[in-house]
Amino acid sequence: MLDLQKASMWKRISAFLFDFIMLSIAAVLFAWGLSAVLGYDGYSQTVTDSYQRYGEEYGVELHITQTEYERLPEEEARKVDAAYAALNADEKALYAHQMMLNLSIVIISLGLLFAYLILEFFVPLRFGDGQTLGKKIFGVGLMKVEGIKVNAVTMFIRAILGKYTIETMIPVLIILMIYWGTIGIVGPIVIGLILITEIVIMAATPTNSLIHDLLASTVAIDEASQKIFTTPEEMAAFKAEMAAEIAQREKDTY
């Protein structure tokens, strides 16, 4: 690879923060639209109404934590158990609750996917040199580590396989499972390992890369000063021309 003009860390961080904000806004908007189309609010309202109905019928509060439940008097705890038993026997409420969980995963996954496809895949292809909105503003570009211009395949691997799948969706799904109480200590360990891996890779690689850069073989460069070649043949021709110029200068010197 020819003289690498890496983007400065402050430029990369600034571009990342801007892109993160834009990505978050886009993901929320897509999620809101998907929620309306898939009828999430209807299932949520059914669950809410069911909790309220059985809570009022048995004279208890169903939205309590395990710690609060353990502190209840015995008689009150029996009422709560009876209310939950009735709730669990309500097929309509159970179906609505299951649909809420399933749709939560679908809406979050697709909302993020659509945001990544637009802002981290289509926009960089439109701008060229792998530039997102943040990278465009702060003068950061992308190229293959060998100095070649990125293409659609490279950007798809970087944005969807690296950023979306490994760096975003795995932690998000684990956080959801932690929230729902369906995963133990393994979840936080996996998230911690991903974070540690990112830090080690950034510190150990000469290009200060992250997982998505290693997968796609890309490097963040200073757009204004880095020469990027369209094809390997163009790069080979440039190297040959430079070698010939150096040889000619040496010849003229002697």
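**Close-up views of a predicted model**

**View 1. Lys163 and its surroundings.** The side chain of Lys163 makes a polar contact with the side chain of Glu120, at 3.1 Å. A polar contact is a pair of N or O atoms within 3.5 Å; within protein, one must be able to donate a hydrogen and the other to accept it, and residues adjacent in sequence count only if both atoms are side-chain atoms. This is a predicted model, in which local features need pLDDT of at least 70 and side-chain atom pairs count only at pLDDT 80 or more, while totals for chains, interfaces and linings use all residues. Residues are numbered from 1 along each chain as its sequence is written, and side-chain values use heavy atoms, with hydrogens and water left out. Lys163 lies in helix α7; helices (H or I, at least four residues) and strands (E, at least two) are DSSP runs, numbered from the N terminus. Is Lys163 buried or exposed? Lys163 counts as buried because its relative accessible area is 12%; buried means under 20% relative accessible area, exposed over 50%, and partly exposed in between (1.4 Å probe, protein chains only). Leaving aside neighbours within four places in sequence, Lys163 is in contact with Tyr116, Glu120, Lys135, Arg158, Thr168 and His212, where contact means heavy atoms within 4.5 Å.

**View 2. The largest nonpolar core.** This core has 12 residues, including Leu23, Leu112, Tyr116, Ala159 and Met169. A nonpolar core is a set of buried Ala, Val, Leu, Ile, Met, Phe, Trp, Tyr and Cys residues joined through side-chain atoms within 4.5 Å. The elements that give two or more residues to the core are α1 (9-38), α5 (91-127) and α7 (152-180), and α5 gives the most, with five residues. Ala159 touches Tyr116, Glu120 and Tyr164, not counting residues up to four places away in sequence.

**View 3. The largest pocket.** About 880 Å³ of space lies in this pocket. On a 1 Å grid over the protein atoms alone, a pocket is an open set of points where a 1.4 Å probe fits, with protein on both sides within 12 Å along at least five of seven lines; lining residues have an atom within 4 Å of a point. Grid points are joined across faces, edges and corners, and a volume is the space filled by probe spheres set on the points. Of the 32 lining residues, the closest to the centre are Phe16, Lys163, Glu167, Leu210 and His212. The largest share of the lining, 12 residues, comes from α1. By class, the lining has 20 nonpolar, three polar and nine charged residues; Ala, Val, Leu, Ile, Met, Phe, Trp, Tyr, Cys and Pro count as nonpolar, Asp, Glu, Lys and Arg as charged, and the others, Gly among them, as polar.

**View 4. The second largest pocket.** The volume of this pocket is about 340 Å³. Among the residues that line it are Val47, Tyr51, His63, Tyr84 and His97. Helices α2 (40-58) and α3 (66-70) each supply at least two residues of the lining. The lining divides into six nonpolar, four polar and no charged residues.

**View 5. Two residues with positive phi.** Asp129, which is not a glycine, has a positive phi near 55°. Asp129 sits in the loop between α5 and α6 (133-138) and is buried, with a relative accessible area of 15%. Ser217 has a positive phi of about 55°, although it is not a glycine. Ser217 sits in the loop between α9 and β2 (218-222) and is partly exposed, at 29% relative accessibility.
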